[in-house]
Amino acid sequence: MAENGTVTFANPDNYQSGIGDATVNLIVTGGGDFNARLTWLNLRRLHVLRASENLPRIAFISLSPAQVFVSFPTSTGPRLTYGGLGLQLGDVVFHGSGERMHQRTDGECQWGIMSFSPEQLAACSKALTGLKIAPPSAGRVLRPPRVAASRLLRLHSKACRLAETRHKLIANPEVARALEQELLHALVNCLTADDAGGNLKTRRHHADIMVRFEDALTAHIGQRLNMPELCSAVGVPERTLRVCCTEFLGMSPTRYLLLRRLNMARSTLRRADPATASVAEIARICQFRELGRFAVTYRTIFGEMPSSTLRRKSIENMNRPKSHSACNATCGKSPDR
């Protein structure tokens, strides 16, 4: 039987842990309260996911090497950027095995991702094209013909709509089998397309630098590295690191580091007990030395004072319902309300 459901999230911590078969580190870059929605459909051989988000953000994503992943924007509007390349509606990202990469949005965004086993990809592509398609060594951005891309987007939308509204229908084995077959065929047709352009060698070199950049930040978590120290840890000149960060993140390394620490502070404030925690203590933990400047910067980014975020925990606990919804119980996901 096909498993399906929909969950809404009111903070990035719960949302990023709800994206299966991937480790996601999310940095919100725009003001306001973060809201997101995930719809998923797990068929026998294919997993389908649609994500909707309301704020711009940067995500560093590590994919499971056990699955093949294909992702794509599902709406027009603010651009979805993968590996420094802005995606058009109809573009498809064919991810490398176990890929670690940056994906960012410029505002409210919808995107989809589908995954299945390498063996299933090889078998399906062999049957349809006569060739066994394997995951690339590094992610590729493909631009399929309009007819092929439109069919994939239409079937993906249909699958998610069924997951949201027609639970009994999608539970029918014949319906689920037919939909899965159509989706697999549409995917394979898109994966035979040409690359969307750009210098692949340069893009892959820059992607490797950005992975080393994230590894350096993780290795020195809790420390405030200056630019010379950071460049030394990554192993590149400052100009190269600035070029790569502008390309992949849309900002300088120092701006990204600031937003990373601010998001860490916001996450800590949301989880803290307001009866025992203090804004000053959390600010120091996140390497903010001047409390006044921290509060001003925090409010500029998130639209509220850090003390308001801390107090919200008490309000949410008082308003939290005692029982969870059937969807949350079935899906094994915690409600974030």
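Predicted model: local features only at pLDDT ≥ 70, side-chain atom pairs only at ≥ 80, totals over all residues.

Reply: Residues are numbered from 1 along each chain as its sequence is written, and side-chain values use heavy atoms, with hydrogens and water left out.

Me: How far apart are the end C-alpha atoms of helix 9?

Reply: Helices (H or I, at least four residues) and strands (E, at least two) are DSSP runs, numbered from the N terminus. Helix 9 covers residues 253–271, 19 residues in total. The expected span is 1.5 Å times one less than the number of residues. That gives 27 Å for helix 9, and the end C-alpha atoms agree, at 27 Å.

Me: How many residues of helix 9 are buried?

Reply: Buried means under 20% relative accessible area, exposed over 50%, and partly exposed in between (1.4 Å probe, protein chains only). By that cut-off helix 9 is mostly covered. Of its 19 residues, the buried ones number 14.

Me: Which residue forms a salt bridge with D33?

Reply: A salt bridge needs a side-chain nitrogen of Lys or Arg within 4 Å of a carboxyl oxygen of Asp or Glu. For D33, the closest N and O atoms of the pair are 3.4 Å apart. The pair links distant parts of the chain, 233 residues apart: D33 sits in the loop between strand 2 (22–28) and strand 3 (36–42), and its partner in helix 9. That partner is R266.

Me: What is the closest N and O distance between E53 and R57?

Reply: A search of the whole structure finds 13 salt bridges, and E53 with R57 is one of them. E53 is buried, and so is R57. Their closest N and O atoms lie apart by 2.7 Å.

Me: What is the relative accessible area of D106?

Reply: D106 forms a salt bridge with R104, the closest N and O atoms being 3.9 Å apart. R104 is buried, at 15%. D106 is partly exposed, with a relative accessible area of 46%.

Me: Which residues does H156 touch?

Reply: H156 lies in helix 3 (residues 146–165). At 2% relative accessibility, H156 counts as buried. Contact means heavy atoms within 4.5 Å. Not counting residues up to four places away in sequence, H156 touches V48, L49, R50, F72, T74, G112, I113, M114 and L183.
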